[in-house]
Amino acid sequence: MNEKSQAEAQRRAKLLKMRNERLPDIKKAFEENQKRNFNANFAPGGKDEALVRHKKVAKAAAKPVTTKKAATKATTKKATKTTKATKTAAADKKRDVSLLVSTRKGEMVHHQRMLSQDVNAQATQHIIGIPVNKSRYNGFKGAQLTISQIRSARPHKDAVRIIPIGGLGEFGIGKNMTAIEYQGEIILIDMGTLFASEDYPGVNYMVPDSKWLDDNRDKVKAILFTHAHLDHIGACRHLLPYFGPLVPIYATPFTIGMIKKQMSELSEVPDMNYHEVEPLKHENIKLSEHLSCEFIHTLHSIPGNASIIIRTPNGNIMLSGDWRFENNPMDTPADYDRLLEISQKEGIALLLNESTNIDTPGTHPHSEYDVGDNMGRVMDHYANGRVIISCFSSQVKRIELVLKEAAARGRKVAFSGFSMINNVEVALRAHSIKVPKDTIMKMEDIIKLPDEKIVIVCTGSQGEMNAVLNRMVTGAHRHIKIKSTDTIVFSSNPIPGNEPKVMGTVDGLLREGAQVIQNGRTHLTNIGPLHLSGHAYYEDHVKFVTDMNPKNYMPYHGEFYMLEHNAEMAENVVGIPHDNIIVADDGDIVELMPDQTIHKNGRIPVGNKLYDDADRQVNEAVVKDRIHISREGIFVVILTLSKKTGRLIKTPDIVSRAFIYLDNSEELIGKIRHYLRAKTDHTVATDEDIKTLKEEIKEDVTHILYDATGHTPIVIPVINKV
Ligand SMILES: [Zn+2]
Ligand SMILES: [Zn+2]
């Protein structure tokens, strides 16, 4: 590996040296070339005759001219002959045109190969196929699953099949979706989105895609949702419409409200069969002939959160959903007694437990109330200015606290950000939050109040470029421009990967003279925690899994290392036997048998569909082109040939985007024009000729560009005949 990169470095150094040595010559040649009339100069006796080795060309060109004459009169037979003749001429020509380059073609090809490997690696992170999984917990004692194993897998008739369709071991947490199948009855749990990273230019989010599900849609008896975060409901508007009004959808009232809001964004809102579930009723909901479920109220960073028990003929399967422990919650305390009751009386055959914060040691050190108190302290501390609080829009319980603290100080609160306003509306309608009287105001009214009466709650805590907070910084916000008397609170932690963007927003705010208070930086302001993670920490998991005492264990909702660490915790700390723990990937079929053993048995095809911010699907090939262009640029040459003579009748047009700035690249452009003229200094008669010519130009121009710049942009030759 080291040797390789060293060799590559040497290669590049050599290239650079060669290029620098050549530069004066090229420069001189082009200064002369700029002044010339190319076509005339290349003609026999012209100044540049030598450059195109005219004698040979003239000889070859003689053929097509005569044959063309014949072709105009002649039969098909003769026409075929003509094509052949021109082709030979064109082939001769290829050898004739000098590219004036000093790099070998092989070097360019090597560069192109490396580039396309990079581009493919970047653009295919979401492609699942058969994942490499040699984990000790992979269900095959660490041996990699093979294609023949998949092919020979037959479903066991009496097995309950647990199939993660999304959310396991991908690059980022999201796209959660699980199927449970028993004798042709399928239950789906969650339909989430995964936000695409910057590796995917122009892609906003991804949605689970499964051919198996498409083929088995008729077998789906019910769809359940644990809670309303986008990584659990974000794909609803893409997937739910396919199920039609007969399939019942079960979720808590707040979650149903959020799903309906999602669905209302569709141009045609489908009729769906929504059922609101009140988890505290402990209702056993019959979903199909063999399967039933119960929702259990648990706590997370959003109202209406639940764990789900699926009762199957082979025992209870528990899906933890997203959860955290809270000693002093704002919400109704988690129904932990019911969970204990089920685990002790009925037993849990298989627990699917989320993995998000498995790497964070200890337990939550504080409660939401502490966060609320600290918001109040900020309002007291910075009593003379506006307080602008930025948090996740789904944190409606925290918003309730902000309202309370503001009301106690005679401040009014306005909301900004599409999702923020939406979520508060849904929360009000589902009675998930209490609002003090006369505290909420519209943005356009609140700005008429004196600054010390104003609190604004907005989105943008992750540094998103187009979210409210950044718009306030740049002055693009309709109502608010940041002032030096403003205090901005980041009531969140940056999601891993978002740190640079968040710091960019913080810098922008500080440059405007504002006071910025970020969670986790207590030493700067002496103001304590301003955020509480929605996910359990390590010790919480230990307690939870120990208490649930499941027969079998399967980590879910996490990247691969999280799943692996979660499995280790279950084996080493809780003491679940190694063989009863499985680290699965999206698409793996895990079978729970009547004797309550589990094993993997084959795979279903799963993947992702990519969508842009206008909710339109993006093809993978488009993403690859975008990555290629972002790295190397695009270069278009437009040739206009005479229909009559087949020769160049106009100076070639050249368009360069994201590659080189044309005004500063006269020499290189001159060189390419020069090449193009030489290349088209013969008759191009047939479509076949044009195709060949295009291919050759593409290759040669790429070579010239690579020679001059070390880059291989996408070269597009366009040939018009007039
Ligand atoms: Zn969540
Ligand atoms: Zn989640």
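Q: Which rings count as a pair, and which ring pairs form a cluster here?
A: Rings of Phe, Tyr and Trp pair if their centres lie within 6.5 Å. In this predicted model, ring pairs link Trp-323, Phe-325, Tyr-336 and Phe-544 into a cluster.

Q: How many aromatic pairs does the structure hold?
A: The structure holds six aromatic pairs. Take Phe-171 and Tyr-200: their ring centres are 5.9 Å apart and their planes meet at 20 degrees, so the pair is stacked. Planes under 30 degrees apart count as stacked.

Q: Where do Phe-171 and Tyr-200 lie?
A: Phe-171 lies in the loop between strand S1 (160–166) and strand S2 (177–182). Tyr-200 lies in the loop between strand S4 (194–195) and strand S5 (205–210). The pair therefore ties together parts that are 29 residues apart in sequence.

Q: Is Tyr-200 buried or exposed?
A: Tyr-200 is buried, because its relative accessible area is 2% and buried means under 20%.

Q: Which residues are the protein donors of the zinc ion (ligand 1)?
A: They are His-227 (NE2), His-229 (ND1), His-300 (NE2) and Asp-322 (OD), lying 2.1 to 2.3 Å from the zinc ion (ligand 1). Their spacing in sequence is H-x1-H-x70-H-x21-D.

Q: What do the angles say about the site of the zinc ion (ligand 1)?
A: Ideal angles for four tetrahedral donors are 109.5 degrees. Here the four donor atoms make angles of 90 to 169 degrees, and the site is irregular.

Q: Which residue coordinates both zinc ions?
A: Asp-322 coordinates both the zinc ion (ligand 1) and the zinc ion (ligand 2), which are 3.3 Å apart.

Definitions and conventions. Residues numbered from 1 in each chain as written. Chains lettered and ligands numbered in written order. Predicted model: local features only at pLDDT ≥ 70, side-chain atom pairs only at ≥ 80, totals over all residues. Heavy atoms only, no water. Phe/Tyr/Trp six-rings, centres within 6.5 Å; stacked < 30°, edge-to-face > 60°. Helix = DSSP H or I, 4+ residues; strand = E, 2+ residues; numbered from the N terminus. Buried < 20%, exposed > 50% of the residue type's maximum accessible area, 1.4 Å probe, protein only. Donors = N, O, S within 2.8 Å, 3.2 Å for Na, K, Ca; no water. Tetrahedral: all angles 85-135°; square planar, octahedral: opposite > 155°, others 65-115°.
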